[in-house]
Amino acid sequence: MAGLRFTVLTSSWAADGQTFLGGPNEVAKPSKELLKLAAGAHAAGDIKISEGFDAKHVQTQAAGEKALAAAMGKRVEPDYNPDGTRDPGRWDGPWYEGHLDQFIRDAEQRLANPELDDGTRVYLETGVASAREQLKKIQKEAK
Amino acid sequence: MSVVASDLVEYHAATQSDVDGSTVGGAIDTLRRPDFTQVTAGDTVEAVSSSAGDTTQTLTVRARKADGTIVSETKTMNGTTAIVFSGNGAVDRILKVELSATCAGTVTVRKNSAGATYRTIPVGERGFSAVFREGSSSTSGTVNYYAKTFWKNTNGSFALLGATISETSDPSGTITFGLAASVNDSGTTTNRQTAPGGVTFANTAASVPGTDLAAGAAIGVWRNMTLATNNAPIRSTHTLQIAGSTI
């Protein structure tokens, strides 16, 4: 197996039970696990591999965008209700549940600011209520 | 209401920068979001997926420790069993979290053990990071940093009418913002200390060019952080909001 040569771009990089200090590093006989972890860290920009980079462990941006599109699924817009209103639409893929969960966290973080103006507060509270409703429906459908 | 608040999502631009000397900006990166969550100083970080099958992807956590050093650790996901970034140990700030590939489940990054959630990575996305990170003030004058994000209308069918971007929180008082000249742009600046051309920075609300933000469209937003001479370390947040009307 080829060696692994890399530069740690932070003060230290930990992987596979080892800690490598910032600067040049070399592992003559890296484990398969270390090679994989190094590829991930290289893609994240935390180390720079000069020898031993195994690209198969890292998804390209293009492949990632394709995977995201698949994870979002299709946009579903409901029909108008008898009273003329319309419930919010949604994406029907698995991305949507995690997205709503994170939206609620972000909104609640903002709502914790006591200096938030009233208009923004109402906007966010309405948004959170709507997101919680949608999450409930998604989780109910999943059961 | 057709466009709801959760349809409006902030994402990073293609090229962020932790270092001086690299191009910053570009087109939207829908795989990565900016994060403003502060961890409780001294936390150790862990991550877990909602899918048992997520056992091949790696997750890299880059963080700043209380002594100022920047550490990084990479671990392989272990499905619904949490992985603990004990190599990084207790951290003061999370700077960046990055998956090597998309996961089948939602990945939760939280305080060890099974503690408060810092952020989740929805299925299909790859991570999150702080907007301004690893910059420093100077002993001999002010320093300006620039970073770009996008607000996207992820609603697949309806436009956000009369869209505006406004600032809702700037506790450090160091940040102004300005919009790209057109939606869906890919403009860059030479490096993170060079102002992008054609962008006017202020703290006041700005209208999206073209008035409406169409379904699926995104508007680039540049932030400018100005650090005073010998500025104290900043561990803070900055939030923008996009608003408009909808049918």
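How many bridges join β5(B) to strand β8 of chain B? The count is 6, and β5(B) and β8(B), residues 93–99, run antiparallel.

## Basis of the model

This is a predicted model, in which local features need pLDDT of at least 70 and side-chain atom pairs count only at pLDDT 80 or more, while totals for chains, interfaces and linings use all residues. Residues are numbered from 1 along each chain as its sequence is written, chains are lettered from A and ligands numbered from 1 in the order in which they are written, and side-chain values use heavy atoms, with hydrogens and water left out.

## Strand β5 of chain B

Strands here are DSSP runs (E, at least two residues), as are helices (H or I, at least four), numbered from the N terminus; two strands pair if DSSP finds at least two bridges between them. In β8(B), Arg93(B) stands opposite Arg64(B). β5(B) is also joined to β6(B) by 7 bridges, in the antiparallel sense, with Val61(B) and Glu73(B) as bridge partners. The two strands β5(B) and β6(B) form a hairpin with 5 residues between them, and Gly68(B) in the turn has a positive phi of about 100°.

## Link to chain A

Strand β6(B), residues 70–76, pairs with β1(A) in the parallel sense over 3 bridges. Glu73(B) is the bridge partner of Ala14(A).

## The interface

In total, 50 residues of chain A are in contact with 57 residues of chain B, contact meaning heavy atoms within 4.5 Å. The area buried between the chains is about 4100 Å², of which carbon and sulfur atoms give 47%; buried area is the accessible area (1.4 Å probe) that two parts lose on being put together, summed over both. On the side of chain A, Gln102(A), Arg110(A) and Tyr123(A) lose the most area, together 14% of what that side buries.

There are 3 salt bridges between chain A and chain B, a salt bridge being a side-chain nitrogen of Lys or Arg within 4 Å of a carboxyl oxygen of Asp or Glu. Asp7(B) forms a salt bridge with Arg75(A), with the closest N and O atoms 3.5 Å apart. Among the elements of chain A that touch chain B, α3(A) gives the most, with 12 residues.
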